[in-house]
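Subject: Structure handover

Hello,

Here is the structure we talked about passing on. Please have it open while you read the notes below it.

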Amino acid sequence: MDKEKQGLGPGYLTLETGEVFAGTLYGAPLEGIGEVVFHTGMTGYQEVMSDPSFAGQIVTFTYPLIGNYGVNDNDYEAAKPALAGMVVSELCMEPSHYQSVRTLAETAEDFGFPILAGIDTRTITKRVRQDGPLWGAISDQPLAAEEVAALKTKHIKKSLVAEVSCQEIKRYPGSQEHVVLVDLGMKQSILDALLELGCRVTVVPFDTPYAQIQALQPDGLLFSNGPGDPEDLLAYCSEWRKAAEQYPTLGICLGHQVLALAFGGKTEKLKYGHRGGNHPVKELATGKVYMTSQNHGYVVKEESLDKRLLTVTYRNVNDGSVEGIRHQLLPVMSVQFHPEAHPGPSDTSHIFQQFLQSMRVVGAKRYA
């Protein structure tokens, strides 16, 4: 444990602006290259670590104490983390929780990603907020801005979704409606939410064609969260639209964005994104404000939506961005936030109930 407490030695985060932050390296002795983002949650580092939506990103935690309750065997959102690294202010090496089985540093070493600790995370967060999307590199020595730029060019990937989506169909039993879950980088908690409602779930790879989805005879479709630029997936949107036009459909996060694209909308990158468990969202039909869990760097452009087809259902209280849409004629809806939470509040978990009800209404009409 003493060796673990000391870390691997000095480490550095170099931003593409040339600014360097010095700290101590933990986890795996690997170089981590990616977009530097920040997460504002006070808890949930294990879920963040394993959320496929963070693929290729260096996550800076604004809460200063990370690792306090260790890592358990129950709260993983995927079998293996896909993030590029973590940056924290203080890394706890002696966690206290009855479910803890290892430290965060040990977990990072096992899974093969670096953690840089002892960093002024407040300053990094301010840089990202002021300068917009920033790439950086975690390494055992400071780098020049030109080196970071070269690494950025080398590591930008066209489809992060292809790396985190499942490779084969997976089936989960249930007594209620049959949901085909299109895996764009699915969080385990989304699947768990459906299973808790009794749904039978078939998880399919992101590039599954409409004909194959149709052959599965679903009662409804769910497009999951996932990483990267939604417009990188435009080639698949025509197939997804065919499917959404035939079945009750719910989109979450990236799933929300690709449904907007499928029905003619556009997306754009936010300056610094929404990542945390404390984002207020207003439901326009009722005026209610919900606290939501969010993790995204892109947003649907409201002016691009065909108002004859799509209506905005939720809006972000802080910046006014689109947080949900609904089709005017079809049982298709989507939300930018995470109704399954984990980490974060479960205020909007009723959205899964609405999805279940839409499947039952359509099913009743179909078999009437």
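Which strands does helix α9 lie across? Helix α9 (residues 237-244) lies across β11, β13, β14 (249-252) and β19 (332-335), and runs at about 145 degrees to β13. Contact means heavy atoms within 4.5 Å; angles run from 0 to 180 degrees between N-to-C directions, with axes fitted to C-alpha atoms, for helices over the stretch in contact. Helices (H or I, at least four residues) and strands (E, at least two) are DSSP runs numbered from the N terminus.

This is a predicted model, where local features need pLDDT of at least 70 and side-chain atom pairs pLDDT 80 or more, while totals for chains, interfaces and linings use all residues. Residues are numbered from 1 along each chain as its sequence is written, and side-chain values use heavy atoms, without hydrogens and water.

The sheet: 10 strands form an open, mixed sheet in the order β10-β12-β11-β13-β14-β19-β18-β17-β15-β16. Its edge strands, β10 (170-172) and β16 (289-300), each pair on one side only; two strands pair if DSSP finds at least two bridges between them. Neighbouring strands are turned by 20 degrees against each other on average, direction ignored. Within this sheet, β11 (residues 178-183) and β13 (residues 220-223) pair in the parallel sense over 4 bridges, and L181 has L222 in β13 as its bridge partner.

Regards
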